[in-house]
Amino acid sequence: MINFDVNICYSMPEVRESAGLAFSTLYKSAGMQAIDEIVPTLLHALEDDETSDTALDGLKQILSVRTIAVLPHIFPKLVRLPLSAFNIHALGALAEVAGHGLNFHLGTILPALLSAMGAEDKDVQTLAKEAAETVALVIDEEGVEYLIAKLLKGAGDTLASIRRSSSYLIGFFFKYSKLYMVEEAPNMISTLIILLSDSDSSTVEVAWEALSRVIGSVPKEALPSYIKLVRDAVSTSRDKEQGKRREDQLSFQVSVSQKLFSHCFRYFFKPLIRIIGDRFPWQVKSAILSTLSILIGKGGMSLRPFLPQLQTTFIKCLQDSTRTVRTSAAFALGKLSALSTRVDPLVSDLLSSLQVWHQMLVFGEAILTALKGVLKHAGKSVSDPVRVRVFSQLKDLIHHDDDQVRISAASILGITSQYMEEHQLDDLLELLSNLASSPSWVSRHGSVLTISSLLRHNPSSVVTSQMFPSIIHCLKDALKDEKFPLRETSRKALGRLILHQIQSDPSEATAYVDIISTIMSVLHDDSSEVRRRGLSALKAVAKICPHASPPSIMVHVSIIGPAFAECLKDSSTPVRLAKERCAMHAFQMTKGISFIY
């Protein structure tokens, strides 16, 4: 067979191809003797630089006609460690020819290639990676089970380089293979999520990329069924890392969960939008709107493609005949605005609608709620001209006859104040100061409501404004008003003010004696509800600096002590209970600490 050996290694491709066909005929008559005498010669020729290329092509010719018979004799020779660059190249080239015959030899080839992918020699790394990619792509449906088993085993190896190589090949296989891999995806997703808590940071990065590719290969309609799987895998990974501080890996875990959930959200959105436009009962519409609102909060920016459809849908629902539907749509529209880069058109549309509908309270209330939500979530994106328009329209509504309209308008102005210029805020405060002395209790109430909202959303600007003394005077007067809503709203505003002042500078607690004294005066109010809420405000102040010694509020013990004693005699049980809770925090009784003054 010497002439045959020469021909199979001959320099001309046509001669080698003919020799390969001749080998098939020879194998039929000589059987294993043909393999035993020819294949070792070719393998030996692979080690000679002058004959290696032609010998490799000769082996490919033989494999193309007698794959199953020849492979067991070739691969054991080529995978001897450490793998040389040429042997890796040969493995890749022969794998391409071997096709489905490779299935039963993955246990021999793959571990060697995975190991070589982590070699120090960059050329060896690159060749091993390319060879492993070739092996993965030539596998047919019957070989998938073997390949997956080997990759899962590699992902759990004790060597980080093997785990890293296996993770990479998993991602490559799921991205580029043309086989249907949905049934294999769950195991891979679980394994890769757990690898996100790997001790090797490079492995974590590779696992994350692989996981993205696996998830990307799964049809969108199948993703919802994976949510429990992801939750369980993240839980397992968390338990594995319990007691360790691995913020970066926790971030990866959260990111992949968000990616999967975002895919699911996008799959759910279209039918929900379609259904809400049909003639379904209001209960169905309300449930869908609430669901969409939750999904917007969870899905975030991944849902921006649906923004135009959703915005149109929500605005239409603001005019629904059922209040529950209108309210749900208003809240959802507010959340949705956070995803938009252009908020001005939406705010302008709402303001125009408000001009038309504010006399019809059933629709005006929903529009105000929607406007409040939009400014709350996207107020920074509103241009100054539109913001001026908001102020112009809303200032007229704070003394509207309807309580809810006043409350909503005041809340919106408070939110908008965060983005006002100094002179704009002073103008607003001056307007509120004038309204506070109006003969109409509705106007006075609207004024105090707005002041309270300002102290919630923008207290620092109010405190530093030249109008601040006038605002304090308004609140003190409101505490003496004959109308309960004014007294209660003023009490709330003063509570927000003292909270801001003490949080800003706890060391200056003695400077706030005037505000504390004013709040304490509500404990003598005719309304037990005002007295109770006054004590609640004091409790909130006491809880701000629980570790201060003494607590900030106890600097004013000479003021609050007698008032607390009076509350013990209060005829209202809720007031006495509120006093006890307030005293517990003020005197830090829950910590067993006593103070001597």
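The model is predicted, so residues are numbered from 1 along each chain as its sequence is written, local features need pLDDT of at least 70, side-chain atom pairs count only at pLDDT 80 or more, and totals for chains, interfaces and linings use all residues. Side-chain values use heavy atoms, with hydrogens and water left out.

**Exercise 1.** Describe how α8 and α10 pack.

Solution. Helix α8 spans residues 122-138 and helix α10 residues 160-176, and their axes (lines fitted to C-alpha atoms over the stretch in contact, with angles from 0 to 180 degrees between N-to-C directions) lie 10 Å apart at an angle of about 45°. The two helices are therefore oblique to each other, a class left over once angles under 35 degrees (roughly parallel), over 145 (roughly antiparallel) and 65 to 115 (roughly perpendicular) are set aside. Taking contact as heavy atoms within 4.5 Å, Lys129, Ala132, Glu133, Ala136 and Leu137 of α8 meet Tyr168, Leu169, Phe172, Phe173 and Tyr176 of α10.

**Exercise 2.** Is Asp403 buried or exposed, or in between?

Solution. Asp403 lies in helix α21, residues 403-416. Because its relative accessibility is 42%, Asp403 counts as partly exposed, the class between buried (under 20% relative accessible area) and exposed (over 50%), with a 1.4 Å probe and protein chains only. From Asp403 to His445 the C-alpha distance is 9.2 Å, although 42 residues separate them in sequence.

Conventions. Helix = DSSP H or I, 4+ residues; strand = E, 2+ residues; numbered from the N terminus.
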